[in-house]
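Please find below a note on the model under review. Kindly keep the sequence and the coordinates at hand while reading.

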Amino acid sequence: MNNDSKPCSDMELYLFDLNGFVVLRGALSEAEVQACNHAIDGLQSLKDGEWHGHVHGHVFTGAHEGLNLQQVYEAGEAFEVLIDHPSWIDKVIHFIGSDTGNFDSHHGPCFIDENFVSIRGPGEAIGLHSGGQDRVTRCQFRYHDGKFHCGQINILVALTDIGPGDGATMVIPGSHKSNVMHPQFDAASMAAVATSVDGVEGAIEVHMCAGDALLFVDAIMHGSAKRTNPGQRRISVYRYGPSWGFFRHNYRPSKALLERLTPRQRQIVMPHKPPQSPS
């Protein structure tokens with residue numbers, strides 16, 4: 001079958017349905033990776049709660065998980081182009097299964113509710129989280145009448161090579177459909193104390209070269225291995241959902257960002273309209 005006009009190949013559709021993720025090799029060019037890393041170099045000294053322009057230093061449950069640079073699409077063109085990057089945007093829209101595939105003045109096909117860069121060094125990791133057993137609507141995996149309807153599709157881009165010892169993202173294939181809690185979940189889950197997914201039965205490391213992207217439904221159980229190598233693990237994560245969703249955190253895109261984005265990017269970043277009320 002000729003898949004040239006389709007957003008996903010037949011194999012991508014099969015593997016995403018089966019495993020809950022696919023790896024997009026070479027999603028970013030070497031120049032795009034270099035541009036992202038150059039921008040990160042000027043931001044990596046941020047501490048939790050500090051701002052650099054409209055980029056915010058942030059941690060999830062503790063410093064053992066590394067530093068997040070939230071609202072990283074505010075960090076310049078290198079990260080603006082990731083908003084609707086051609087390597088993944090049509091695939092994202094397909095798996096979300098939005099109500100409309102057309103961009104117009106009222107709605108778009110998807111919405112970014114969170115975007116950040118994660119920087120981790122030796123000893124840092126993030127614990128296990130998510131999973132299909134809770135049937136969380138925001139993160140759900142659903143397939144009905146020949147179409148996917150997923151509440152959250154994540155694009156995790158490797159900005160450094162990530163192999164053994166580098167603190168790779170770990171996933172449990174098929175756990176987006178699970179009805180039963182993993183027996184090791186409590187011991188390995190995200191917490192205020194250091195945890196990782198190392199040793200969790202069924203979990204695999206996803207090794208990537210810089211520029212590769214991991215596309216996965218948020219319902220899959222995931223986390224990371226602990227980094228044991230020197231140096232940094234750098235990734236970006238853009239979380240896409242239906243255009244009627246809302247922001248995960250109390251961040252909003254700046255006016256300056258919205259003014260310089262393309263119309264399509266603006267609709268993905270801020271599809272919401274000002275409230276109406278009687279005059």
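1. Basis of the model. This is a predicted model, in which local features need pLDDT of at least 70 and side-chain atom pairs count only at pLDDT 80 or more, while totals for chains, interfaces and linings use all residues. Residues are numbered from 1 along each chain as its sequence is written, and side-chain values use heavy atoms, with hydrogens and water left out.

2. Helix α2. Helices here are DSSP runs (H or I, at least four residues), as are strands (E, at least two), and both are numbered from the N terminus. Helix α2 comprises residues 30–41, which makes 12 residues, and its first and last C-alpha atoms are 16 Å apart, close to the 16 Å expected at 1.5 Å a residue. The expected span is 1.5 Å times one less than the number of residues. V33, C36, N37, A39 and I40 are the buried residues of α2; buried means under 20% relative accessible area, exposed over 50%, and partly exposed in between (1.4 Å probe, protein chains only). On the face turned away from the buried side, α2 carries the exposed residues E30, A31 and H38.

3. Helix α4. How many of the eight residues of helix α4 are buried? Six are, and the helix (residues 89–96) is thus mostly covered. The buried residues of α4 are I89, K91, V92, I93, F95 and I96. Just after α4, G97 adopts a positive phi of about 70°.

4. Rings of Phe, Tyr and Trp (its six-membered ring) pair if their centres lie within 6.5 Å; planes under 30 degrees apart count as stacked, over 60 as edge-to-face and the rest as tilted. The count by this rule is 10 aromatic pairs. The rings of F16 and F95 are stacked, because their centres are 3.9 Å apart and their planes stand at 25°. Since F16 lies in helix α1 (residues 10–19) and F95 in helix α4, this pair ties together parts that are 79 residues apart in sequence. F16 is buried at a relative accessible area of 0%, and F95 is buried at 1%. F16 also forms a tilted pair with F141, at 6.0 Å centre to centre and 50° between the planes. That pair links distant parts of the chain, 125 residues apart, with F141 in the loop between β5 and β6. Both F16 and F141 are buried. Ring pairs join F16, F95, F141, Y143 and F148 into a cluster.

5. Largest pocket. A pocket is an open set of points on a 1 Å grid over the protein atoms alone, where a 1.4 Å probe fits, with protein on both sides within 12 Å along at least five of seven lines; lining residues have an atom within 4 Å of a point. The largest pocket holds about 600 Å³ of space. It is lined by 37 residues, of which H129, S130, D218, H222 and R239 are the closest to its centre. The volume is the space filled by probe spheres set on the points, which are joined across faces, edges and corners. At least two lining residues come from each of β5, β8 (153–158), β12 (222–224) and β13 (233–241). The lining divides into 12 nonpolar, 15 polar and 10 charged residues. Ala, Val, Leu, Ile, Met, Phe, Trp, Tyr, Cys and Pro count as nonpolar, Asp, Glu, Lys and Arg as charged, and the others, Gly among them, as polar.

6. S130 has a phi near 70°, a positive value in a residue other than glycine, and is placed in the loop between β5 (111–120) and β6 (143–144). D145, likewise a residue other than glycine, has a positive phi near 55°. D145 is found in the loop between β6 and β7 (147–148) and is exposed, with a relative accessible area of 69%.

7. R264, in helix α7 (residues 263–269), is partly exposed at 29% relative accessible area. Its C-alpha atom is separated by 9.4 Å from that of I83, 181 residues apart along the chain. V193 is exposed at 56% relative accessibility; V193 and E65 are 9.6 Å apart, C-alpha to C-alpha, and 128 residues apart in sequence.
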